[in-house]
Amino acid sequence: MRIALVDDAHAGELLTLRRAAFVSEAQLYDDPHIPPLTQTLHELRDDMARDDVVTVGAWEGHRLVGSLRLEIEGEKATLGRLAVAPDQQGRGVGTSLMFAILQFLPEQVTEVWAFTGKDSKNNLAMYTKHGYTEQYERAAGKLTLTYLRRVLGEVDARNEAAGADDGTR
């Protein structure tokens, strides 16, 4: 798998990937109007062209199998639209993307935020497993979103300390 920035030439493929990946979320919430399903190609291209947005993709050969969007605001990056092709889910694509984003973040970023629907148990479990902690919930139309945060360096420091404590280092 190759992870790299997604450019405008792949916008159509990105739109298709997101729509396929977010159908299950729309079904979970009985809402076919969630933003990843209603965004137009023009809106996606405008979003990708923003200076404060980074879009990262995972490719298997020539196929885009995963992506995520980062919005940079000072010392904070917000991860959103984490999408994995339905036939690739559960194979570590999303996890690989979550860790690969670190190389695309400006040096000043000290924390990464993520959000997902409060009933998206698999998503919440994945974020929590990788060092994100739940911070608060906020209503967004019919949906309630859970916001999570990962302070960069904290998780690594905890893991290193745990390794030192259990004699594995």
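Reply: **Rings, charges and their surroundings**

Let's start with a charge: the charged end of Arg138 sits over the ring of Tyr147, 5.8 Å from its centre. For a charge to count as over a ring, NZ of Lys or CZ of Arg must be within 6 Å of the ring centre and within 35 degrees of the ring normal. Lys76 also lies over a ring face, that of Trp113, at 5.2 Å from the ring centre.

Before going further, a word on what you are looking at. This is a predicted model, in which local features need pLDDT of at least 70 and side-chain atom pairs count only at pLDDT 80 or more, while totals for chains, interfaces and linings use all residues. Residues are numbered from 1 along each chain as its sequence is written, and side-chain values use heavy atoms, with hydrogens and water left out.

Now to the rings themselves. Trp113, Phe115, Tyr136 and Tyr147 form one aromatic cluster. Rings of Phe, Tyr and Trp (its six-membered ring) pair if their centres lie within 6.5 Å; planes under 30 degrees apart are stacked, over 60 edge-to-face, and the rest tilted. By this rule the chain has 4 aromatic pairs. In one of them, Trp113 and Tyr136 are tilted, because their planes meet at 50 degrees, with 6.0 Å between the ring centres. This pair joins distant parts of the chain, as Trp113 is in strand β5 (residues 111-117) and Tyr136, 23 residues apart from it, is in strand β6 (residues 133-140). Helices (H or I, at least four residues) and strands (E, at least two) are DSSP runs, numbered from the N terminus.

The two partners differ in cover. Trp113 has 12% relative accessibility, so it counts as buried, whereas Tyr136, at 31%, counts as partly exposed. A second pair takes up the story at Tyr136: with Tyr147 this residue forms a stacked pair, 4.8 Å centre to centre and 15 degrees between the planes. Here too distant parts of the chain are linked, since Tyr147 belongs to strand β7 (residues 143-151) and is 11 residues apart from Tyr136 in β6. Tyr147 is buried because its relative accessible area is 16%. The cut-offs behind these words are under 20% relative accessible area for buried, over 50% for exposed and in between for partly exposed (1.4 Å probe, protein chains only).

Next, the nonpolar surroundings. A nonpolar core is a set of buried Ala, Val, Leu, Ile, Met, Phe, Trp, Tyr and Cys residues joined through side-chain atoms within 4.5 Å. The largest one here has 23 residues, and Leu68, Leu70, Leu79, Tyr127 and Tyr132 have the most contacts inside it. Two or more residues each come from β2 (53-60), β3 (63-73), β4 (76-84), α4 (93-100), β5 and α5 (121-129). Another core, of 15 residues, lies apart from it; Ala11, Leu15, Leu44 and Leu64 are among its members. In soluble globular proteins, nonpolar side chains tend to be buried together.

Leaving out residues up to four places away in sequence, Leu68 touches residues including Val54, Thr55, Leu79, Leu97 and Ile101. Thr55 lies in strand β2 and is buried, because its relative accessible area is 5%. Ala58 is in strand β2 as well; its relative accessible area is 0%, so it is buried. Beyond four places in sequence, the neighbours of Ala58 include Met1, Ile3, Leu64, Val93 and Leu97. Helix α4 has buried Val93, Gly94, Leu97, Met98 and Ala100, and their cover includes β1 (2-5), β2, β3, β4 and α5.

The mean pLDDT (the predictor's confidence in each residue, from 0 to 100) is 85, and 88% of residues reach 70 or more. Residues 157-162 fall below 50, with 2 contacts in the model beyond near neighbours in sequence. Residues 164-169 also stay under 50, with 4 contacts beyond four places in sequence. Where pLDDT is low, the predicted coordinates should not be read in detail.

Methods: Contact = heavy atoms within 4.5 Å.
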